[in-house]
Amino acid sequence: MEERRILIADTAIAVVAEVGIRGLTHRAVDASASLATGSTSYYARSKAQLVELTVERLASLLRGYTEHAELAAKTPADGAELTTVLTDWLGGLYADYQGELRARSSLILELENRNSGDSALLREALVAPDDLSGPLASAGLDSSELLGPLLTALEGLLWEHSAGRRIGEADTSGTDARLLSSLLSVHHGSDKRGIFGIRL
């Protein structure tokens, strides 16, 4: 993206994070970016095009974070090490990507209502099955059984920290680690307790 286009897209993400997708207008982006009125319209003539530009940039930023963290290349020796890998990955998001996570949550909800494929793009840009298959195998865990539940658990934690009861909070209590450890231990044969501590 060229510099002005990136500025507009980044500002649009910030607007969505602050006021939601319904507050995403060309005028709001121009004002927030201190641009002349009509500047955003040059790059996105309609609201749909502005949303598309926002989604494209947000997906790129989130994918860049996960690739920089090298999540897919991690080689944990067991479920405990995998839990650490995942909580470190989540912690970086909570610390540095709060606005992006809030915008992601808002956009996913709106785009699901429109039956748009962009909601799936935003989900998998941040964490996709391929990001977890390698680490699961390295930890000696069966991805065919764990991949779906693990993706669901991660999405739940991301929602809780970006749009739920723990907005903006770091996981200082270790709740994320305990939940993930419980899920992974089911398939690692440690105490035979599943997610939320339910005995199998």
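Q: What is the handedness of the crossing of α8 and α9?
A: In this predicted model, the crossing of α8 and α9 is right-handed.

Q: And at what angle do the axes cross, and how far apart do they come?
A: The axes of helix α8, which covers residues 129-138, and helix α9, which covers residues 143-162, cross at roughly 125° and come within 10 Å. Since angles over 145 degrees would count as roughly antiparallel and 65 to 115 as roughly perpendicular, α8 is therefore oblique to α9.

Q: Which residues meet there?
A: On the α8 side they are Pro129, Leu132, Ser133 and Leu136, and these meet Ser143, Leu146, Leu147, Leu150, Leu151 and Leu154 in α9.

Q: OK, stepping back, how many helices and strands are there in the protein?
A: The protein has ten helices and zero strands, and reading along the sequence gives the pattern α-α-α-α-α-α-α-α-α-α. Its C-alpha trace spans about 60 × 30 × 30 Å along the principal axes.

Q: How much of the protein is made up of buried residues?
A: Of the 200 residues in the protein, 44% are buried. As for contacts with a separation of 6 or more, 64% of them are accounted for by residues 24 or more positions apart.

Q: Let's take leucine 90, then: where is it placed, and is it buried or exposed?
A: Leucine 90 sits in helix α5, residues 79-96, and with a relative accessibility of 0% it counts as buried, because the cut-off for that is under 20%.

Q: What is leucine 90 in contact with, leaving aside its neighbours within four places in sequence?
A: Leucine 90 is then in contact with Leu154, Leu157, Leu158, Asp176 and Leu180. For one of these, leucine 157, the C-alpha to C-alpha distance from leucine 90 is 8.5 Å, although the two are 67 residues apart in sequence.

Q: Switching to histidine 26: which helix is it in, and is it buried or exposed?
A: Histidine 26 belongs to helix α2, which runs over residues 26-32, and it is buried, with a relative accessible area of 16%.

Q: What lies 2.5 Å from a polar atom of the side chain of histidine 26?
A: That is the backbone oxygen of alanine 44, which lies 2.5 Å from a polar atom of the histidine 26 side chain.

Q: Is tyrosine 42 buried or exposed?
A: Tyrosine 42 is exposed, with a relative accessible area of 66%.

Q: Last topic, backbone: what is the phi of serine 34, and what about glutamate 70?
A: Serine 34 has a positive phi of about 55° although it is not a glycine, and glutamate 70 likewise has a positive phi of about 55° without being a glycine. Most residues other than glycine have a negative phi.

Q: Where do serine 34 and glutamate 70 lie?
A: Serine 34 lies in the loop between α2 and α3, the latter being residues 39-43, and at 69% relative accessibility it counts as exposed. Glutamate 70 lies in the loop between α4, residues 47-68, and α5.

Definitions and conventions: Residues numbered from 1 in each chain as written. Predicted model: local features only at pLDDT ≥ 70, side-chain atom pairs only at ≥ 80, totals over all residues. Heavy atoms only, no water. Buried < 20%, exposed > 50% of the residue type's maximum accessible area, 1.4 Å probe, protein only. Helix = DSSP H or I, 4+ residues; strand = E, 2+ residues; numbered from the N terminus. Polar contact = N/O pair within 3.5 Å; in protein donor to acceptor, adjacent residues only side chain to side chain. Axes fitted to C-alpha atoms, helices over the stretch in contact; angles between N-to-C directions. Parallel < 35°, antiparallel > 145°, perpendicular 65-115°, else oblique. Left-handed = near helix turned anticlockwise from the far one by under 90°. Contact = heavy atoms within 4.5 Å.
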